[in-house]
2 protein chains.
Amino acid sequence: MRNIRLKVAYDGTNYHGFQRQIKTAGPTIQGTLEDVWQRLVDEKVTLAMAGRTDAGVHASGQIVNFETEARIPEDKISKAFNSLLPKDIRILLAENVPFDFNARWSAVWKRYDYQIDNRRIPDVFKRLYTWHIPVPLNISNMQAAANFLEGRHNFKTFAAAGGDSKTFERTLYRCQVRFDQDLIRVTCVGDGFLYHMVRIIVGTLVDVGRGRISPEEIPDIIKSQERRRARLIASAHGLFLTHVNYTEESPFEVFPDLNSK
Amino acid sequence: MRNIRLKVAYDGTNYHGFQRQIKTAGPTIQGTLEDVWQRLVDEKVTLAMAGRTDAGVHASGQIVNFETEARIPEDKISKAFNSLLPKDIRILLAENVPFDFNARWSAVWKRYDYQIDNRRIPDVFKRLYTWHIPVPLNISNMQAAANFLEGRHNFKTFAAAGGDSKTFERTLYRCQVRFDQDLIRVTCVGDGFLYHMVRIIVGTLVDVGRGRISPEEIPDIIKSQERRRARLIASAHGLFLTHVNYTEESPFEVFPDLNSK
């Protein structure tokens with residue numbers, strides 16, 4: 001037996017989330033990867049994944065692992081997977097890891113990036129990878145609100161019903177709003193994320209950008225622990241799981257540009 | 001009667017080219033636009049288009065025009081179109097123009113951009129908008145070859161059979177190869193383009209990048225006027241019609257970054 005870790009990129013447009021379901025509305029990333037492995041080496045495995053992305057959510061750096069008895073050499077695994085996977089899923093790295101490695105439980109911190117298309121008429125080439133908000137957004141207010149979200153908080157306000165977390169304390173190391181012409185990017189880096197947490201944070205930041213919430217209300221909204229204080233949820237297809245970190249390196253060492261405010 | 005000009009962006013992935021066909025394998029951009037206009041104002045029109053993009057080719061700045069008797073105000077046309085068009089086609093601008101304006105015949109010069117994904121493992125988010133070339137390419141040789149293609153030449157070598165052009169003399173004002181990490185962009189600006197000309201130019205530049213053709217052979221390949229000397233045709237889905245110019249402004253005035261070699 002050995003334990004294999006994969007780094008996976010996927011366009012979530014055509015998938016009903018990551019996690020294999022008993023009754024599924026369509027293909028999932030997990031199901032597709034497990035099925036391809038079975039076709040490759042005739043072995044049923046169960047993948048563990050770092051982040052359970054929802055339907056329509058993308059990943060450029062999802063991490064999964066699985067235990068296998070197959071003898072396929074480490075350096076042939078990516079190529080074997082990619083030869084059978086559909087073109088919207090690619091294995092970027094495959095390596096043998098110690099048995100105590102679990103993609104979900106070993107993760108120290110994760111990075112998500114969210115894209116908003118703020119043009120009046122949406123960019124057709126970004127339509128599957130952005131949330132289109134045609135009205136003007138006050139970016140500096142969004143940045144101020146994002147600053148209030150950073151730090152260790154009880155994030156219950158920003159957790160949708162249906163998650164399996166029993167605690168709501170999390171540390172958000174960085175919540176950054178940047179823009180490049182009409183593309184707004186929100187980056188969230190934290191030690192853990194509640195169900196729909198990034199999408200509810202982005203929805204709240206958009207409400208700030210539209211002037212429905214002032215940045216100064218954010219500390220009170222956090223403290224309230226009431227989901228109805230953070231009503232708007234950003235659409236799934238603007239969200240990307242970008243990076244999962246398994247070492248003690250800080251996010252600011254791995255991504256130096258996160259230092260710039 | 002009046003003459004309306006539209007600026008159109010589209011993701012060509014799901015279309016069988018621009019031009020409406022008698023027997024078509026699937027929807028075309030022209031057919032979709034004409035059908036939407038008919039649904040909007042109950043009038044059959046025939047669009048003229050600046051560039052007849054092939055199946056899978058994209059546009060961020062296609063220009064079309066049509067004559068109409070409909071009284072819909074100029075400033076409502078884009079919104080009306082966009083309310084009924086599929087999300088992969090957007091009207092960016094609509095305006096009344098003089099009757100002597102024809103999107104095809106009035107064009108002075110056009111710009112096409114071509115994207116090559118030069119990663120070993122393709123970027124899943126660019127797979128519909130790039131040609132994936134996993135092998136190393138010599139960019140400076142590609143740039144040198146592109147320089148030889150600039151100017152006024154008989155481009156018969158670079159014209160596929162099936163075009164309706166009777167002359168092959170064209171001026172290529174600029175043929176530029178740039179790269180940003182693993183993304184290579186080829187920009188072609190010219191007073192007219194033969195059938196598949198940009199894709200055959202890019203295919204030839206890739207053959208140069210791979211070392212199959214040396215840049216110094218390009219003048220001889222042009223002079224030969226033999227299609228077999230430019231064998232490789234770049235795939236359709238890396239190609240974008242970016243801009244069509246109808247004034248006497250030079251490409252270097254409209255796009256100052258084209259000056260940098």
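Visitor: Let's start with Asp54(A). Is it buried or exposed?
Guide: Asp54(A) counts as buried, because its relative accessibility is 19% and the cut-off for buried is under 20%. Keep in mind that this is a predicted model.

Visitor: Where does Asp54(A) lie in chain A?
Guide: In a loop, the one between β2 and β3 (58–68).

Visitor: And what does UniProt say about Asp54(A)?
Guide: An unreviewed UniProt entry puts the annotation "active site" on Asp54(A).

Visitor: Which residues is Asp54(A) in contact with?
Guide: If you skip the neighbours within four places in sequence, Asp54(A) is in contact with Gly17(A), Tyr195(A), His196(A) and Arg199(A).

Visitor: OK, what about Tyr112(A), what's it listed for in UniProt?
Guide: Tyr112(A) is listed under "binding site", again from an unreviewed entry. You'll find Tyr112(A) in strand β5, residues 109–117 of chain A.

Visitor: Buried or exposed, that Tyr112(A)?
Guide: Buried, because Tyr112(A) has 9% relative accessibility. Leaving out residues up to four places away in sequence, Tyr112(A) touches several others, among them Gly51(A), Cys188(A), Phe193(A) and Leu241(A).

Visitor: What does the side chain of Thr204(A) reach?
Guide: The backbone oxygen of Ile200(A), at 2.9 Å. Beyond its neighbours within four places in sequence, Thr204(A) is in contact with Phe158(A), Ile213(A), Ile218(A), Ala230(A) and Leu232(A).

Visitor: Zooming out now. How many helices and strands does chain A have?
Guide: Six helices and ten strands. The radius of gyration of chain A is 19 Å, close to the 18 Å that the globule rule gives for 261 residues, so chain A is as compact as a globular protein of that length.

Visitor: What box do the C-alpha atoms of chain A fill?
Guide: Roughly 60 × 40 × 40 Å, taken along the principal axes.

Visitor: And how much of chain A is buried?
Guide: Buried residues are 54% of the 261 in chain A. The accessible surface of chain A is about 12,200 Å², and 49% of that belongs to carbon and sulfur atoms.

Visitor: What share of the contacts in chain A joins residues 24 or more positions apart?
Guide: 71%, counting contacts with a separation of 6 or more.

Visitor: There's a chain B too. What rotation superposes chain A on chain B?
Guide: A rotation of 180°, with 0.0 Å of shift along its axis and an RMSD of 0.0 Å. The two copies are therefore related as by a two-fold rotation axis. The same surface serves both copies, as 100% of the contact residues of chain A recur in chain B.

Visitor: What's in contact with Ile89(B)?
Guide: Leaving aside neighbours within four places in sequence, the list includes Val124(A) from chain A, plus Val8(B), Tyr15(B) and Leu33(B). Lys166(B) is 77 residues from Ile89(B) along the chain, and their C-alpha atoms are separated by 32 Å.

Visitor: And Arg111(B), which side chain does it make a polar contact with?
Guide: The side chain of Asp113(B), at 2.8 Å. Arg111(B) is in strand β5 of chain B, residues 109–117, and counts as buried because its relative accessible area is 7%.

Visitor: Last one: what's the phi of Asp42(A)?
Guide: Near 55°, which is a positive value in a residue other than glycine. Most residues other than glycine have a negative phi. Asp42(A) sits in the loop between α1 (29–41) and β2 (48–49) of chain A, and it is exposed because its relative accessibility is 67%.

Visitor: What about phi for Asp42(B)?
Guide: Also positive, near 55°. Asp42(B) is exposed, given its relative accessible area of 68%.

Definitions and conventions. Residues are numbered from 1 along each chain as its sequence is written. Chains are lettered from A and ligands numbered from 1 in the order in which they are written. This is a predicted model: local features need pLDDT of at least 70, side-chain atom pairs count only at pLDDT 80 or more; totals for chains, interfaces and linings use all residues. Side-chain values use heavy atoms; hydrogens and water are left out. UniProt positions are given in the numbering used here, feature names are shortened, and annotations may be inferred rather than shown by experiment. Helices (H or I, at least four residues) and strands (E, at least two) are DSSP runs, numbered from the N terminus. Buried means under 20% relative accessible area, exposed over 50%, partly exposed in between (1.4 Å probe, protein chains only). Contact means heavy atoms within 4.5 Å. A polar contact is a pair of N or O atoms within 3.5 Å; within protein, one must be able to donate a hydrogen and the other to accept it, and residues adjacent in sequence count only if both atoms are side-chain atoms. Copies are superposed by least squares on the C-alpha atoms of residues with pLDDT of at least 70 in both. The radius of gyration is taken over C-alpha atoms; the globule rule is 2.2 Å times the number of residues to the power 0.38. Accessible areas come from the Shrake-Rupley method with a 1.4 Å probe; for residues, only the protein chains shown count as cover.
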